[in-house]
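Me: I would like to learn how to read a few features of a protein model, one after another. Could we go through them together, with the general idea before the particular case?

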Amino acid sequence: MRKTFQFRIYPGRKQEVVLTRTLITCRHLYNNSLAERKKQAELNRLKKTFDVFPWGKPEWINKYDQMLDLTATKTSYQKEVFSQVLQDVIKRVDRSFKNFFNGFGYPRFQGRDRYNSFTYPQSGFELEDGKLILSKIGSVRIILHREIEGKIKTCTIKKDIDQWYVSFSCEIEEPVPVEVKTRTGIDVGLIDLITLSNGEKIEPSKFLRVSEDKLRHEQKRLSRKKLRSKNRNKQRIIISKVHRKIRNQRNDFAHQISRMLVDNYDLIKFEDLQIQNMVRNHHLAKSISDAGWYQLMNFTEYKAAYAGKFVEFVNPAGTSQTCICGYPVPKDLSVRVHRCPSCGLVMGRDQVSAKIIEIRPSICTVGTTGINARRGLLNRGSMQRKAPGL
Ligand SMILES: [Zn+2]
């Protein structure tokens, strides 16, 4: 199985210019290859519609055609980029079409702010005491703050506003699945971040609130700046940095909780909520992104997979409207305490939900093997916002 290790890298000023140029070249290639595929798809559609004889059967351009084409017609810019990096760009276009056929969004052209990474898919990179040596770029300072496990397969360079990162995708050994001795159900609420079925509650970080206030403040300042002015641009960068800070804080928090869950439980159960649908519902969107539970589930899933432990999902219907004994106990959001007229149970509403989630039969298991199938589903929401291939 694959595991990703990310590190910050510190390119010199000249290297940064080359890295940025590589990104631009890759983005142009991406958009051109995508345009070519889209055009062909449109032609095929017309052919199908009219079914006119001389046009013959629809033809498809595939990634191999495009790669051959690339080798034959490299521009001077493209010659400055490691050839496998360029080929990987074409593979990304191909993947975005495959994703589309699997029910994801139609492939989109990538703007400057969206296309922020490129990949060495096999070779062209090397780690050598404190340096990451990249073909066509040079030797870049890197701080390896943790040990890399397994065998490095791919190397992706990523830009985050003014910072650069590398992530290595490594092949590691499948863990031996554990025997399930401890389990918990997790209720993800809007008031408390999460409630475990033993009643333990974990609240969102206060630092996050502070950053969010700062974000609102900076956004207000932005609205006062003149359109297309230098200051407005500066303010935009400030805002993206606050966004990054919030993102990092959310990540840290989700990492802490998922680590705690996986360390303490062999089987962790969540509600299977259709994230995508909920995010589209405007009213709920903020609370959901606030709670950051999408990340939490995702992080818990892969940490469990690495540890040979299990994450399962249950049907969310009515988890807050019934009792553990099965008796219906309808209550709206304002009712915080659950009182069952049948069995007499009195308990916090979230804990009751968590307990029901724990005992309800699962509809989807993510153990050490099923993780990728499930991940496809989970990623649906975030996918359209990210450049493909990440
Ligand atoms: Zn009851």
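Me: Is C340 buried or exposed?

Reply: Residues under 20% relative accessible area are called buried. C340, in this predicted model, has a relative accessibility of 5% and therefore counts as buried. C343, by contrast, has a relative accessible area of 44%, which means that C343 is partly exposed.

Me: Which protein donors does the zinc ion have, and how are the donor residues spaced in sequence?

Reply: The donors are the SG atoms of C323, C325, C340 and C343, lying 2.2 to 2.3 Å from the zinc ion. Along the sequence these donor residues follow the spacing C-x1-C-x14-C-x2-C.

Me: What is the geometry of the site of the zinc ion?

Reply: Four donors count as tetrahedral if all angles lie between 85 and 135 degrees. The angles among the four donor atoms here are 106 to 113°, and the site of the zinc ion is tetrahedral.

Me: Turning to strands, which strands pair with β11, and over how many bridges?

Reply: Strands of a sheet pair through backbone hydrogen bonds, in either a parallel or an antiparallel sense. Strand β8 (residues 183-188) runs parallel to β11 and is joined to it by three bridges, with G185 having K269 as its bridge partner in β11. Strand β12 (residues 310-314) also pairs with β11 in the parallel sense, over five bridges, and there F270 stands opposite F313.

Me: Why is strand β11 described as largely enclosed?

Reply: Five of the five residues of β11 (residues 267-271) are buried, so the strand is largely enclosed by the rest of the structure. Both of its faces are covered, with L267, K269 and E271 buried on one side and I268 and F270 buried on the other.

Me: In what order do the strands of the open sheet of seven strands lie, and which of them stand at the edges?

Reply: The order is β2-β6-β7-β1-β5-β4-β3, with antiparallel pairing. The edge strands are β2 (117-120) and β3 (125-128), and because each has a single partner strand, one side of each is left without a neighbour in the sheet. On average, neighbouring strands of this sheet are turned by 35° against each other, direction ignored. Within the sheet, strand β1 (residues 2-10) and strand β5 (residues 138-142) pair over two bridges in the antiparallel sense, and Y10 stands opposite R141 in β5.

Me: Which strands does helix α4 lie across?

Reply: Helix α4 (residues 83-101) lies across β2 and β6 (151-160), and runs at about 115° to β2.

Conventions: Residues are numbered from 1 along each chain as its sequence is written. This is a predicted model: local features need pLDDT of at least 70, side-chain atom pairs count only at pLDDT 80 or more; totals for chains, interfaces and linings use all residues. Side-chain values use heavy atoms; hydrogens and water are left out. Buried means under 20% relative accessible area, exposed over 50%, partly exposed in between (1.4 Å probe, protein chains only). Helices (H or I, at least four residues) and strands (E, at least two) are DSSP runs, numbered from the N terminus. Two strands pair if DSSP finds at least two bridges between them. Donors are N, O and S atoms within 2.8 Å of the metal (3.2 Å for Na, K and Ca); water is not among the atoms, so sites may look incomplete. Four donors count as tetrahedral if all angles lie between 85 and 135 degrees; four count as square planar and six as octahedral if opposite donors are over 155 degrees apart and all others between 65 and 115; anything else is irregular. Axes are lines fitted to C-alpha atoms, for helices over the stretch in contact, and angles run from 0 to 180 degrees between N-to-C directions. Contact means heavy atoms within 4.5 Å.
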